[in-house]
Amino acid sequence: MKGENKMKYSQPVVKGERFTKMLPEGTALVLEGGGTRGFYSAGVLDAFMDARIMFPYIIGVSAGSANALSYVSGQKGRNRTIVEKYVSNHRYVSRRNLIKHRSLFGYDFIFKTVPEKHLFWDQEMFEETDINFLTGAIDCETGSTVWFEKKELGNDFLATRASCSVPIGAKIVKHDGLKLLDGGISDPIPIEKSIADGNTFHVIILTQNQGYLKTPFKQKRLLKFMYRKYPNLVEAILKRHEVYNRQLALCENLEREKKALIIRPLKPLSVDRTTRDIEKILKLYDEGQIEGAQAIERLEEYINN
């Protein structure tokens, strides 16, 4: 954000740092969502920033795409400050938001108030980092994923908001002439898109423990009533568990074939997607940072072989 020195923020201004090690072409970072569980991924990304490692290709949906913003801008610890200072605020996530604004997560607070008034966002460094960064959202009309490139995100973060807007718990986002919702509906683990784009090695950050399988959506009547104008969206939500489990199986097969490295929580999760318990989230965040640092050695071994 230009002119940041003339602006007053409630938190110290921390500018982004340049990355010194770009991984080889064909190496992709694939990010699952998961609401506040996604702060595990943010911890992993902080470990990558410690090592000054950047990927030539990053693809994410929902919280995965949101947490990647501070990684691409090189602002280590920015996401941790969000946890420490803002996640417990009812404007970040609460039932009050759902009643007042028809959205559990307060996206105006997250994507406007926080970066403009509280926590400096380094737009210039974000733009300077020369990578392919894709954010996915579902087109409610067609039920298919729409991908937005880094240059299309802009200061309003509308594509990222759309990618994070969970069905029933958030309003449809109108952007670029489209009606959009959570990208995790149609591409919960966007590994297939990464493969289709020609990547040959994938670092995949998941936000569920090993052995997790997604189950069918339970609120079918409410779903069909709320989205009666969008039958393709309803169908995509009802099939989401099948897509997730298929993509998860593909990720695990790729790892067995030495074509992927999966990083996911090793300890049993105590955080769900709307948790506001700061102590629990920070423990998950720190776990991600520790396991991200441990994964770097394995990553370099895979790439160099």
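This is a predicted model: local features need pLDDT of at least 70, side-chain atom pairs count only at pLDDT 80 or more; totals for chains, interfaces and linings use all residues.

On the α1 side, select F39, Y40, A42, G43, V44, D46, A47, F48 and D50. Their partners in α12 are I281, L284, Y285, E287, G288, Q289, E291, G292, A293 and I296. Colour this contact by residue type and you will find 11 nonpolar, 4 polar and 4 charged residues.

Next, show the whole of α1 (residues 39-50) and α12 (residues 278-304). How do their axes cross? They come within 6 Å, at roughly 40°. An angle between 35 and 65 degrees counts as oblique, so α1 and α12 are oblique to each other. The crossing of these helices is right-handed.

Now move to the largest nonpolar core, which has 62 residues. Select L29, F48, F55, I58 and Y71, the residues with the most contacts inside this core. Helix α12 gives the most to the core, with 8 residues. Keep L29 on screen and display its neighbours: leaving out residues up to four places away in sequence, L29 touches L45, F48, F55, Y57, I58, I59, Y71, V203 and I205. A second, separate core has 17 residues, including V30, I204, L206 and I262.

For the last stop, select helix α2 (residues 63-72). Is this helix mostly covered or mostly uncovered? Mostly covered: 10 of its 10 residues are buried, among them N67, S70 and Y71. Then click on G74, which follows α2 and has a positive phi, near 70°.

Notes:
Residues are numbered from 1 along each chain as its sequence is written. Side-chain values use heavy atoms; hydrogens and water are left out. Axes are lines fitted to C-alpha atoms, for helices over the stretch in contact, and angles run from 0 to 180 degrees between N-to-C directions. Helices (H or I, at least four residues) and strands (E, at least two) are DSSP runs, numbered from the N terminus. Angles under 35 degrees count as roughly parallel, over 145 as roughly antiparallel, 65 to 115 as roughly perpendicular and the rest as oblique. A crossing is left-handed if the near helix is turned anticlockwise from the far one by less than a right angle, and right-handed if clockwise. Contact means heavy atoms within 4.5 Å. Ala, Val, Leu, Ile, Met, Phe, Trp, Tyr, Cys and Pro count as nonpolar, Asp, Glu, Lys and Arg as charged, and the others, Gly among them, as polar. A nonpolar core is a set of buried Ala, Val, Leu, Ile, Met, Phe, Trp, Tyr and Cys residues joined through side-chain atoms within 4.5 Å. Buried means under 20% relative accessible area, exposed over 50%, partly exposed in between (1.4 Å probe, protein chains only).
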